[in-house]
Amino acid sequence: MPELLDFQDAFVAALAGAPSALSPWLAPGEGEAGLAVYRNTIAKGCVDALAANFPTVLSMVGEDWFRAAAALFAREAPPANAALLDYGEHFPAWLDRFPPALDLPYLAGIAHLDRLWTEALFAAEAPALIAEALSALAPEALARARLALHPSVRFAAFEAGLPSLWVAARDGAEDLDLSETSETLLLVRRDGSVRSRVIGAAETEFLRACRAGQTSAEAAERAALADPDVPLAPLFAALLADGVFGGLILETD
Amino acid sequence: MITAGLGLKPQHYDDALASDAVGLWFEVHPENYMSAGGPRLTALEKVRERRPLSLHGVGLSLAADADPDREHLAALRRLVDRFEPFVVSEHLAWSTHRGAHQPDLLPFPRTKAALARIAANIGRMQDALGRQMLVENPSLYLPLTGHDLDEVEFLKALVAKTGCGLLVDVNNVFVSASNLGYAPEAYLDAIPAGAIGEIHLAGHGADEGGSDLLIDTHGAPIAEPVWALYRRLIRRVGPRPTLIERDDDIPAFDILIAERDRAAAELAALEVQHA
């Protein structure tokens with residue numbers, strides 16, 4: 001008989017507000033204070049983890065709002081595993097549907113950028129491609145080569161200036177304005193720290209092409225189509241200096 | 001020689017590297033390092049180059065009525081291979097239930113069926129890691145009925161069935177004994193000395209909910225009655241690696257080192273007595 005599982009089912013029901021489920025193991029009227037201790041510890045563990053993983057959301061809505069929202073989220077979507085550094089993958093989408101956040105339409109996007117920051121921080125280690133590695137390459141060979149992105153690279157494009165808003169909030173700015181210019185936030189880990197840069201349409205298309213496995217010539221073409229006014233050599237040099245490329249895959253046949 | 005150690009917190013990485021305390025070692029929760037990469041792992045590697053390390057798991061859920069999560073075990077194995085800890089430990093508790101993880105150490109009735117399940121899970125953990133683990137006594141808050149064995153009997157049976165060792169958390173003994181109404185001295189006196197591989201010391205607090213329960217907060221200095229129980233324990237069993245745990249309301253490194261030095265002095269006094 002799976003009596004241990006029966007107990008655990010009953011315990012989880014008791015935590016959710018039905019203490020009578022534990023009656024085979026707990027005398028009537030006993031244990032309310034103890035169950036409250038477990039409830040509080042679990043909620044605190046989840047909320048503290050979310051506060052650590054979504055610091056920009058926290059700074060924008062304040063401690064009380066954040067902790068109340070995070071506690072509701074944790075009840076609906078408890079962590080799937082014990083590594084809480086990864087907790088909150090679905091928090092941005094949840095915030096997007098959270099009625100009290102309806103008058104904060106930028107909040108889900110801010111949460112998404114916090115999530116990408118966490119992913120960049122804990123991504124696999126890999127050396128970044130440096131300019132010297134390309135200097136020996138003939139221009140035609142570089143054009144036909146594919147540039148692999150560094151494992152820590154994350155980017156997200158928005159129709160408004162959410163990336164600038166996120167950067168300003170992250171830097172502790174008090175007056176936050178949301179511009180209507182479309183922007184992309186680029187995140188990449190360098191020397192153990194996640195660096196961020198707001199980029200435009202040309203760089204975004206260049207990165208998308210690299211992510212899709214296209215050649216650097218195709219990437220350059222996409223960048224030029226997205227914004228013909230952007231000179232490509234400095235664009236490429238800036239991305240290279242950011243350390244967004246993890247490797248160069250030369251054409252083999 | 002490994003004497004008294006400290007739980008390592010990210011805000012103390014630089015202090016940990018700079019400390020010249022003799023015999024100091026560190027302990028971390030492996031769950032906080034289960035990532036593909038990133039600066040935490042790099043920092044831990046630097047600390048490990050200078051100090052012995054213990055991996056103290058909080059999330060394997062050994063007392064769940066289910067096999068330990070394979071991915072979790074594999075991640076733990078990678079950390080063990082990379083950091084070569086001198087001890088690996090986990091809790092006599094569960095936290096995972098039907099796919100959801102509750103970040104707490106939850107209780108269960110100590111039945112014979114539970115004993116068989118947990119012994120099997122400890123066996124799987126030790127097989128996966130290729131080494132012995134230590135199991136830690138929990139803090140308890142509920143007067144559950146339906147136990148077949150008392151806690152020390154249960155721990156002794158796990159040692160006999162699996163060859164695991166014990167991590168004795170003296171603060172947890174104090175908290176549980178106070179909450180459930182038994183004598184902590186008798187509990188500690190019943191633990192077989194040969195099974196004890198490590199000792200934990202931490203602070204507790206009153207229940208902010210207003211009950212008489214003591215809460216294992218790890219958020220305060222170690223209480224004097226816990227120091228007294230610690231002295232009693234090590235006088236009986238001899239010196240053991242002893243860890244100061246602090247996970248909430250974390251003070252400056254020096255303040256934690258002062259508590260750690262007190263434990264180290266207790267261990268040193270023992271050596272003199274036995275000499």
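This is a predicted model: local features need pLDDT of at least 70, side-chain atom pairs count only at pLDDT 80 or more; totals for chains, interfaces and linings use all residues.
Biologist: What radius of gyration does chain B have?

Modeller: The C-alpha trace of chain B spans about 50 × 45 × 45 Å along its principal axes. The radius of gyration is taken over C-alpha atoms, and the globule rule is 2.2 Å times the number of residues to the power 0.38. For 275 residues a compact globule would come near 19 Å, and chain B agrees with this, having 18 Å.

Biologist: What is the radius of gyration of chain A?

Modeller: Taken along the principal axes, the C-alpha atoms of chain A fill a box of roughly 80 × 45 × 30 Å. A compact globule of 253 residues would have a radius of gyration near 18 Å, but the value for chain A is 24 Å.

Biologist: How many helices and strands does chain A have?

Modeller: Helices (H or I, at least four residues) and strands (E, at least two) are DSSP runs, numbered from the N terminus. In chain B these runs come to 9 helices and 12 strands. In chain A they come to 12 helices and 5 strands.

Biologist: Which element of chain B gives the most residues to the side that touches chain A?

Modeller: In the interface, 42 residues of chain B are in contact with 38 residues of chain A. At least two residues each are supplied on the chain B side by α2 (39-50), β5 (94-97), β6 (100-106) and α4 (112-129). With 6 residues, the element that gives the most is β6(B).

Biologist: How many charged residues does the side of chain B that touches chain A have?

Modeller: The classes are nonpolar (Ala, Val, Leu, Ile, Met, Phe, Trp, Tyr, Cys and Pro), charged (Asp, Glu, Lys and Arg) and polar (the others, Gly among them). The side of chain B that touches chain A has 19 nonpolar and 17 polar residues, and its charged residues number 6.

Biologist: Are helices α10(A) and α11(A) roughly parallel or roughly antiparallel?

Modeller: Axes are lines fitted to C-alpha atoms, for helices over the stretch in contact, and angles run from 0 to 180 degrees between N-to-C directions. Helix α10 (residues 201-211) and helix α11 (residues 216-226) of chain A have axes 7 Å apart and pack at an angle of about 150 degrees. Angles under 35 degrees count as roughly parallel, over 145 as roughly antiparallel, 65 to 115 as roughly perpendicular and the rest as oblique. The relation of α10(A) to α11(A) is therefore roughly antiparallel.

Biologist: Is the crossing of α6(B) and α8(B) left-handed or right-handed?

Modeller: In chain B, the axes of helix α6 (residues 170-180) and helix α8 (residues 224-237) come within 9 Å and cross at roughly 120 degrees, so the two helices are oblique to each other. A crossing is left-handed if the near helix is turned anticlockwise from the far one by less than a right angle, and right-handed if clockwise. For α6(B) and α8(B), the crossing is right-handed.

Biologist: How many nonpolar residues are in the contact of α6(B) with α8(B)?

Modeller: From α6(B) come B:Val170, B:Asn171, B:Val173 and B:Phe174, and from α8(B) come B:Pro225, B:Val226, B:Leu229, B:Tyr230 and B:Leu233. By class, this contact of α6(B) with α8(B) has no charged residues and 1 polar residue, and its nonpolar residues number 8.

Biologist: Is B:Ser61 buried or exposed?

Modeller: B:Ser61 lies in the loop between β3 (53-56) and α3 (70-83) of chain B, and its phi is positive, about 60 degrees, although it is not a glycine. A residue is buried if 20 or more other C-beta atoms, placed from the backbone, lie within 10 Å of its own, exposed if 12 or fewer, and partly exposed in between. With 27 other C-beta atoms within 10 Å, B:Ser61 is buried.

Biologist: Does A:Asp191 count as buried or exposed?

Modeller: A:Asp191, in the loop between β3 (183-190) and β4 (193-199) of chain A, has a positive phi of about 50 degrees although it is not a glycine. Because it has 9 C-beta neighbours inside 10 Å, A:Asp191 counts as exposed.

Terms used
Residues are numbered from 1 along each chain as its sequence is written. Chains are lettered from A and ligands numbered from 1 in the order in which they are written. Two residues are in contact if their C-beta atoms, placed from the backbone, lie within 7 Å.
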